[in-house]
Amino acid sequence: MNAVTDPFTPSAELAKPSVADTVVSHDTSPLFIRKPNPDDGWAIYELIKSCPPLDVNSAYAYLLLATQFRDTCAVATNENDEIVGFVSGYVKSCAPDTYFLWQVAVGEKARGTGLARRLVEAVLARSELDSVHHLETTITPDNKASWTLFRRLSQRWQAPLNSREYFSTYQLGGEHDPENLVRIGPFNTVQD
């Protein structure tokens, strides 16, 4: 009896440099958006640490995102291959038309370039997400930068934005602000 197995991709293959999905013009030099690879895990962790008020997860978690969820995550690098932006998320298994955005971060060197929006749109433009027509995320009430980003995405995509409390301070252990669930959609296309 012959067992049929899916092809296995060794870690070394995943680590090979990839071509940028998107090139972003920047005043001093271009920025490149691409799928992350295993060598990016630590740099993503360091970027998140430099971007309060984002919650910092373990370096291992970012390594998993850079490998196991690479099709739904993206990094932005400068010409020196320094990671200056990151977005992570996944397509919800219970709602395959919905992309749940976990974190988006833009380092100080790339702020003011529209990179956060471009990271989100680069991921949503991938063929793996062709059936996605809604975006969800959670945002604390006082995170002005995130609220601004998602309101702009809603306007840009001409799609409604809805919000409600999702996790209470109590549910988050009493020392974390509540998280609102934000949903944008339906949308049909992602614009450049």
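Author: We shall go through a surface patch, a helix, some aromatic pairs and a histidine in turn. This is a predicted model, in which local features need pLDDT of at least 70 and side-chain atom pairs count only at pLDDT 80 or more, while totals for chains, interfaces and linings use all residues. Residues are numbered from 1 along each chain as its sequence is written, and side-chain values use heavy atoms, with hydrogens and water left out.

Reader: Which residues make the nonpolar surface patch?

Author: A patch of this kind joins nonpolar side chains (Val, Leu, Ile, Met, Phe, Trp, Tyr) within 5 Å, from residues that have over 30% relative accessible area and no salt bridge, a salt bridge being a side-chain nitrogen of Lys or Arg within 4 Å of a carboxyl oxygen of Asp or Glu. Areas come from the Shrake-Rupley method with a 1.4 Å probe. Here Tyr60, Leu63 and Leu64 make a patch of about 280 Å².

Reader: Where is Leu64 placed, and which residues of H3 are buried?

Author: Helices are DSSP runs of H or I with at least four residues, and strands are runs of E with at least two; Leu64 belongs to helix H3, residues 59-68. Buried means under 20% relative accessible area, exposed over 50%, and partly exposed in between, so Leu64 at 32% is partly exposed. The buried residues of H3 are Ala61, Tyr62, Leu65, Ala66 and Thr67, and their cover includes helix H2 (41-49), strand S4 (83-92) and strand S5 (95-106).

Reader: How many aromatic pairs does a search of the whole structure find?

Author: Rings of Phe, Tyr and Trp (its six-membered ring) pair if their centres lie within 6.5 Å, and planes under 30 degrees apart count as stacked, over 60 as edge-to-face and the rest as tilted. The search finds six pairs. One of them, Tyr62 with Phe86, is edge-to-face, at 6.2 Å centre to centre and 80° between the planes. Because Tyr62 lies in helix H3 and Phe86 in strand S4, this pair ties together parts that are 24 residues apart in sequence. Tyr62 is buried at 0% relative accessibility, and Phe86 is buried with a relative accessible area of 0%. Trp42, Tyr45, Tyr62 and Phe86 form one aromatic cluster.

Reader: Is His134 buried or exposed, and which side chain does a polar contact join to that of His134?

Author: His134, in strand S6 (residues 134-139), counts as buried at 11% relative accessibility. A polar contact is a pair of N or O atoms within 3.5 Å, where within protein one must be able to donate a hydrogen and the other to accept it, and residues adjacent in sequence count only if both atoms are side-chain atoms; the side chains of His134 and Arg183 are joined by one of 3.3 Å.

How values were computed: Patch = residues over 30% accessible without salt bridge, like charges linked within 9 Å, V, L, I, M, F, W, Y side chains within 5 Å. Buried < 20%, exposed > 50% of the residue type's maximum accessible area, 1.4 Å probe, protein only. Contact = heavy atoms within 4.5 Å.
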